[in-house]
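User: Could you take a close look at one part of this model for me? I'd like to hear about its pockets.

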Protein chains: 2
Amino acid sequence: METVAENRSFGGTQGVYTHASETCGCDMTFAVYMPPQAKERPVPVLWYLSGLTCTHENAMTKGGFQEHAAKHGLAVVFPDTSPRGEGVANDEAYDLGQGAGFYVNAKRDPWKPHFQMYDYITKELRGIVEGMDGIGTKHGITGHSMGGHGALTIAMRNPEMYDSLSAFAPIAHPTQSDWGRKQLSAYLGDDEGCWASHDSTLLLQEHGWKDDILIDQGASDQFLDLLKPEALAEAIAKRRQPATFRMQEGYDHSYFFVNTFAGDHVAWHAARLL
Amino acid sequence: METVAENRSFGGTQGVYTHASETCGCDMTFAVYMPPQAKERPVPVLWYLSGLTCTHENAMTKGGFQEHAAKHGLAVVFPDTSPRGEGVANDEAYDLGQGAGFYVNAKRDPWKPHFQMYDYITKELRGIVEGMDGIGTKHGITGHSMGGHGALTIAMRNPEMYDSLSAFAPIAHPTQSDWGRKQLSAYLGDDEGCWASHDSTLLLQEHGWKDDILIDQGASDQFLDLLKPEALAEAIAKRRQPATFRMQEGYDHSYFFVNTFAGDHVAWHAARLL
């Protein structure tokens with residue numbers, strides 16, 4: 001593992017690292033914020049999965065998580081959203097290929113050799129983060145848009161691995177959205193039966209989540225038709241799933257929305273991880 | 001004036017606007033954060049001047065000011081750092097021309113027709129901001145690096161216009177630094193007598209500031225040799241200038257440094273403007 005940068009931030013360290021990923025078959029870059037408390041004792045980890053087009057960097061620089069993580073004593077991991085590099089398949093569209101891994105393990109070419117983001121997040125990078133000095137045993141997970149989809153689906157499929165769950169404007173029902181059908185078809189194939197385990201609404205209907213969930217959604221989000229929060233809200237209500245679903249007046253899909261509520265989400269996770 | 005974008009942020013509005021600038025002879029873009037309190041009553045304004053290579057956008061997205069401005073009820077203005085556009089002179093170097101206006105009025109060609117950032121900040125944009133709905137009568141000023149230089153020099157030369165003053169890692173003694181001599185020579189000419197009114201250390205020695213000043217400087221800043229904080233610190237001490245000068249262990253020159261201390265600076269200005 002190679003250190004790309006380390007910057008002091010709110011008394012802790014914002015680091016960026018690269019490593020040769022066996023799972024993705026390419027070099028992968030990720031960021032970790034280590035709060036000042038990690039010098040004294042192991043701290044819990046909050047995983048933040050980013051949305052379409054993002055790298056590890058967007059939320060790291062614009063999400064405003066460090067201040068709150070330092071206050072509560074949480075580490076925050078910012079993975080990339082896909083494999084990258086010259087030998088990695090790509091597509092001209094912003095929502096397929098590099099920057100758009102959708103947190104699945106691709107079964108179809110040309111994506112299969114590299115696009116194994118589900119295993120990367122839950123196994124390879126998980127192992128790397130667990131091995132870092134100062135990292136404790138409890139993990140929470142959140143994310144924005146495609147990353148909110150990733151957080152919800154990964155947590156509901158692996159409840160033993162995560163102790164807290166939230167999401168910002170998640171792609172909530174990808175099997176019924178153009179943000180989903182296109183990618184699930186490309187990566188997994190046309191058998192829609194395989195798609196259900198990557199759809200938060202369907203997973204929640206089927207399995208629910210072991211604890212409560214925090215979800216924030218901007219009421220003026222320009223992508224509401226693609227995100228389909230109403231499907232997830234309905235599933236939550238039908239299942240009587242403990243959850244706080246907040247429709248936030250006036251907010252859109254940008255990082256101005258994410259960083260406005262970053263403090264609430266970090267506090268939510270801290271209350272469950274500490 | 002044209003609205004480029006408006007995003008809800010911490011209950012207020014982060015706006016980006018362009019206008020045809022008479023002073024700079026080109027279109028200029030700036031950002032204003034209006035806190036929620038501005039809907040109820042006029043709020044004071046904090047001017048944030050950015051550093052080399054920046055536009056209005058860097059601090060707006062990475063500085064973390066909105067959260068604190070919303071808490072205290074301050075507006076924040078993020079001007080661009082130079083005129084821009086096809087007809088505007090430029091230089092291959094990152095530290096001259098576009099992105100490097102240095103907050104002076106250029107007297108020499110090719111810079112003179114457009115590079116009038118001192119007048120732009122203190123007159124034209126000041127007038128525009130004063131005319132915006134929700135803006136009150138009190139103004140504070142801060143900035144980072146070249147923008148810290150801008151904030152300190154502009155405030156000390158116009159004490160009647162500003163009621164509070166701070167800076168992040170300012171270029172503190174440009175007449176004796178490669179971040180200064182090059183630009184002051186290019187923009188103002190070789191008569192170094194004209195440069196003194198754009199040097200914080202010399203202005204502080206000569207005029208001081210009417211109130212106290214907050215300055216944060218990273219002790220691990222990679223540009224310490226160019227910033228020369230020791231010259232400004234010495235001038236403060238010699239003049240018995242009320243000031244808080246903080247050398248912050250481990251911090252570098254990045255926005256991770258700026259946003260770590262953004263809350264302290266906003267609180268400092270709020271205490272003097274409200």
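This is a predicted model: local features need pLDDT of at least 70, side-chain atom pairs count only at pLDDT 80 or more; totals for chains, interfaces and linings use all residues.

Analyst: Residues are numbered from 1 along each chain as its sequence is written, and side-chain values use heavy atoms, with hydrogens and water left out.

The largest share, three residues, is down to α9(B). In all, 19 residues line this pocket, and nearest its centre sit K62(B), H144(B), H253(B), S254(B) and Y255(B).

What's a pocket here? On a 1 Å grid over the protein atoms alone, it's an open set of points where a 1.4 Å probe fits, with protein on both sides within 12 Å along at least five of seven lines; lining residues have an atom within 4 Å of a point. The space comes to about 390 Å³, taken as what probe spheres set on the points fill, with points joined across faces, edges and corners.

By class, the lining has 11 polar, seven nonpolar and one charged residues; Asp, Glu, Lys and Arg count as charged, Ala, Val, Leu, Ile, Met, Phe, Trp, Tyr, Cys and Pro as nonpolar, and the others, Gly among them, as polar.

K62(B) turns up again at the rotation axis: of the residues of chain B, its C-alpha comes closest, at 2.6 Å.

How values were computed
Chains are lettered from A and ligands numbered from 1 in the order in which they are written. Copies are superposed by least squares on the C-alpha atoms of residues with pLDDT of at least 70 in both. Helices (H or I, at least four residues) and strands (E, at least two) are DSSP runs, numbered from the N terminus.
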